Structures are given as structure tokens and as C-alpha cells.
There are 2 protein chains.
Amino acid sequence: MSVLAVGTVALDSIETPFKKEDDVLGGSAMYITTAARFFTPHVRLVAVVGNDFPPAYLDLLRKSGVNLEGLEVDPEGKTFAWSGRYHYNLNDRDTLATHLNVLETFDPVVPASYRDSRIVCLGNLAPKTQQSVLAQVDDPALVVCDTMNFWIEHTPEDLQETLRLVDCLIINDAEARELANEPNLVRAARTIRGMGPRILVIKKGEHGALLFVDDVIFSAPAYPLEDIQDPTGAGDTFMGGFAGYLAQAEFIDTEALKNAVIYGSAMASFCVEDFGPTRLFNLGVSEITRRMHEFRQLSAFPFMMEPKELAS
Amino acid sequence: MSVLAVGTVALDSIETPFKKEDDVLGGSAMYITTAARFFTPHVRLVAVVGNDFPPAYLDLLRKSGVNLEGLEVDPEGKTFAWSGRYHYNLNDRDTLATHLNVLETFDPVVPASYRDSRIVCLGNLAPKTQQSVLAQVDDPALVVCDTMNFWIEHTPEDLQETLRLVDCLIINDAEARELANEPNLVRAARTIRGMGPRILVIKKGEHGALLFVDDVIFSAPAYPLEDIQDPTGAGDTFMGGFAGYLAQAEFIDTEALKNAVIYGSAMASFCVEDFGPTRLFNLGVSEITRRMHEFRQLSAFPFMMEPKELAS
């Protein structure tokens, strides 16, 4: 099956306790597609860059196998630029600057050849923009959506409209609590699914992820990483692995969704091992398979006998 | 096998968003033993109470099947009293008062009949007090230990001495980061195990628990609870379920330890369902077994095929 990702392609300026670098290739659509391409050759990108976008990055993306027909180059503007600094613990970060640039007037056009896309990933964009993309695809099997606190706070009605249109929302735990206005994650999940998405994934960073679908709750562990270099793009990479796995699954059922959460977690665990998207560009398939086995080891426990002396 | 728990038996004043009650039966030794008694009839308690300790509570404990030979009643003093208020999210709490009372002069005496105890649970007490208990038991198969930020900050050398003497430390994630002075939990775990304990369990509340033993890391999910009434005692109840399960296991090996973490999590999930220890006194064995199956459902995922179209 094909995966279509709409979102940003960005130039990031990243500062971690270990390293500082400007103009790093970034953006949600870039991370989603770069992760998804490990699972299916039919990965399509819709985004916009400016006249300053380095040809070397275009080259890298093209060689990665992602379909770039939907990547608009705006000759009038500059590429969306994000700048952030991570704290010592690498869990918290300060956004230092966000230059929307070409994103300010971005009105995504889905190429005719993309209209039959089966899995649509709506990266974190204005809810109205996400809706406009959905109106341009024929009949996707699954629509996966991201959002963030900015849209929850500033365009709540637009966001509610988007949520009515999507099958699956993937957000982090702070966003889930804010969106539902409820500190308990299980209750928050119930509230959010009442807004539309049949499937909800809550990402908890170093604590793993939760999947809610039908009456099922699935708890995925986090891969225990000692050396996190840069968390940038981990959430989008999760979505790429999640959608990519489902694109090649026979059915998109509960068991496939559980696997997809683990694949998403595995891809995200690679992403943070190096700066920017570096690790995703030098990753081998056998490494993904190996990590999936490690995920199984991490959370499997043996068949439990009834405690022999369990008091009556 | 027998389980010996040393710690507090307390009168708690608890305030949650839902309820406020004074003189609730509490204390680490009470919660540990009350949970452990579901797994083995040989559960022994060492603690002290004052002349104000309600006979009804003594009765309750006696009827629960816990061996109270080691429960000293100090006719000169009042029972250890803790008072706390939980925030709206039930994750954070303020300690309003801690009256040590009889605990100030507590010098635990392990009855001769307890000396052969096989599993020793050192509840959260002064590290020197924990050491004194260890000196009074013959040859335990496993020594499990708790501590808290107060001892980490105020008696670091005593704590280091205790850590050299124990097999297993069970603490929460904030305590682990503080003890190791390291924000990354995997690195923190390495540092802490370098201090002595061969086995480390890090409790993460709503995010589950991590077990570190040999080269194995095991990630246990948290039971998804929508209605948490009162988190008081959950950590001690975890230790009781953990130690109780191991007391009836054939071997204390890695697989048994994984199960013990799940049993500890299951017992803690019951504890928070009602106020104080109420739920632990009206809990049935079949409920524990059912919850264990739910834990398995929560984290098991199907055998993963290699992604069919995984790019090469």
C-alpha cells in the first residue's frame, strides 16, 4: 500500500548538550517519509521548501526513494526554519525561533498521482491545512494525524473538525492531557476518542506508548537508550514507522496496530541515536529486525503459574 | 518461603480530591505484609506502634494472618503519624506533617522465631536501622530494600553501606535519578547497581516499572486505571506482592523476577482503587489471577512477520 505524508520539510538549528548545528535537514514530512520508506516503496511527500533549500538535501531525499512530486519549491521564499535547544536531560527543550517563511502561504496541492494513496499521514500543520489535504485524496484506508499544543490552544474548533475526519490520532501525553483537559491518561483517551479518532496512540517518550483501539489498551515499552543524541523528529519518525508497517500489513486490525506501535517505537529509537535524521539515512533493515526482537525481549514475561501458596 | 518485613505501622491522615480521613491504618510494614500474605502463610512483621494504636487495627492485622510477634507496642509513646494531601492529578502530593513519635527511638528487635526468614523486606527506614535488622537474620535468600530522598540527601554514607548489603533495591524514578545524579534512567540504573544491589526495580507510577538484573532489562506496563482513589501505600504494596510472589517461586531467577514485578504491579493497582489499605483487605485471590491475565493482554503483541516489503 502507498503512504502519503503531508507536513514540513525544514531547516533546523539544533542545540543539544553535546552538539550545535544549523541548517540540519528536518521537518515532519521528511521524518515521516524517511522512516516509512523502509516498509514500502510507495512513499509520497507533500510539502514546500524555499529557494534556499540546499540541492544536496534534495538529492539526499530523491536518492532515499521517496516520491517528491508533491514537494513544491517556492522561488519567492525561504524554507521553514525551526531552532531549539535541548536541556541537560534531553526530555525538555526550548524553542528558540520558528520562522514560518514559505509555510505562511502553504496551500498544499496533492498531485493527481497521489490521489489514490491508501494511508495518509497528516503531519503537525494547521488543522485547516490538514483538512484541505484530506479533501484531495480519494478513499484512504487509514488517515493518521498529529497535532500540537499550539493548535489545541489557538484553533480548537478547526482541530475538532479535523479530529472528526481522521481514523487515528498520534500525540504525546502532555498533548493528550491538554486536549482532553484531564490528567488521567485513560480517561483522557476516552474523551479524545469521543472527538472522532477510532484509534489513539499516546507517545510517552522514555516511558513508551499506549494504543487505544476498540476496547483494547496496549502498552508498548520504550527502548532503553543510554545515549540519546538528539530527540528531534522522534515523534514524526514514530508516525512513519507506524504508517509504513501498516502499509504492508495484510489487515489493519488490532494486532497489526500493536505491531505498528512497536515498529514506530523502534524507528523512533533509531532516530534519537544520532543528530537530526542522520541515523535514518544510514540504517539497515537487519538492524530494524534486530531491534524488534529486542522490543519483544523487553516486555515478554513467562507463563505465570498460579502462585502455589496463594492464600484463599 | 517466609517473608519478613520491617518498616512502619502508622496512622495516616490522607486528603485526596475525593475524600479526607484521619487515623487511617498505614505504614510500610503494614502494606508490605498485607500484600505478601496472599502468596505465603509465613509473613512476619517487625515494627513499633504507640499506646494510641487502635485495638481494632491490631485485630484486623491479626486476623489477616500476618505474624505479629515482632510488633512492639511502646506504652510510653504515640504511633508514627503521617499526614499528606494529594493534588488533583493524584501523582503529586504534599506531606503536611510527619510525627515520628515512637519511631524516634525505634530499635527493631527481630524475634528469634524470625531469624530464619528467607526473604527480608527492608521498608523505608533510616539506613542504620535497616542494617541493624539485617544483622539479626541468619541467611536470607533475598534482601529487598526501599529508601527515599530524605536518606539519599541526609545520610548518604549510611545508605551506601545498606546498599552494599542488599540484593535488590526498589525505588521510584525520581529517587533513582537523584541517587545516581543522572537523568537517564538506564544510565542511572547502571550507577545504582554499581553501589551494590544486583537487582534494581524502578517504579514509574502510571508508566509502569523497570527491572534490571544481570544484562536483562524488563519493562512492565502499568495497569490502566481510570479511577485512582488514593495512591498511599502503592509502593509498599508493590514490594509486598514482589516479595510474596518470590517466596513461593521455585527459583529466584530472572524469569521469576519478571513475574514478581508484574505481581507487584498488580497488587499496587488494587491498592490505589480504594482509600488506605481498604482494597487489600477485601481482595480475593481470583481477582489477582484475573488482573495478571489482564497485564499479559496489555503488553503482549503478536509474532511479527518480517515486513513483506521492507526495503533493502
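**View 1. Strands β11 and β12 of chain A.** A:L200 has A:F212 of β12(A) as its bridge partner. The two strands, β11 (residues 199-203) and β12 (residues 209-213) of chain A, run antiparallel and are joined by 5 bridges. Strands (E, at least two residues) and helices (H or I, at least four) are DSSP runs, numbered from the N terminus. Two strands pair if DSSP finds at least two bridges between them. This is a predicted model, in which local features need pLDDT of at least 70 and side-chain atom pairs count only at pLDDT 80 or more, while totals for chains, interfaces and linings use all residues. Residues are numbered from 1 along each chain as its sequence is written, and chains are lettered from A and ligands numbered from 1 in the order in which they are written.

**View 2. The open sheet of chain A.** In chain A, 9 strands with mixed pairing form an open sheet, ordered β5-β4-β1-β8-β9-β10-β11-β12-β13. At the edges stand β5 (67-74) and β13 (216-220) of chain A, each with a single partner strand, so one side of each has no neighbour in the sheet. From one strand to the next, the twist averages 15 degrees.

**View 3. Helices on the sheet.** Helix α7 (residues 185-193) of chain A packs on the sheet and touches β10 (168-172), β11 and β12 of chain A; its direction makes about 140 degrees with that of β11(A). Helix α9 (residues 254-271) of chain A lies across β11, β12 and β13 of chain A, at about 160 degrees to β12(A). Axes are lines fitted to C-alpha atoms, for helices over the stretch in contact, and angles run from 0 to 180 degrees between N-to-C directions.

**View 4. Where chain A touches chain B.** In this view, 45 residues of chain A are in contact with 45 residues of chain B (contact: C-beta atoms, placed from the backbone, within 7 Å). The elements of chain A that give two or more residues to this side are α7, β13, α8 (234-248), α9 and α11 (285-299). The most come from α11(A), with 5 residues.

**View 5. Helix α1 of chain B.** Helix α1 (residues 28-36) of chain B is largely enclosed by the rest of the structure, because 9 of its 9 residues are buried. Among them are B:M30, B:Y31 and B:I32. A residue is buried if 20 or more other C-beta atoms, placed from the backbone, lie within 10 Å of its own, exposed if 12 or fewer, and partly exposed in between.

Conventions: Two residues are in contact if their C-beta atoms, placed from the backbone, lie within 7 Å.
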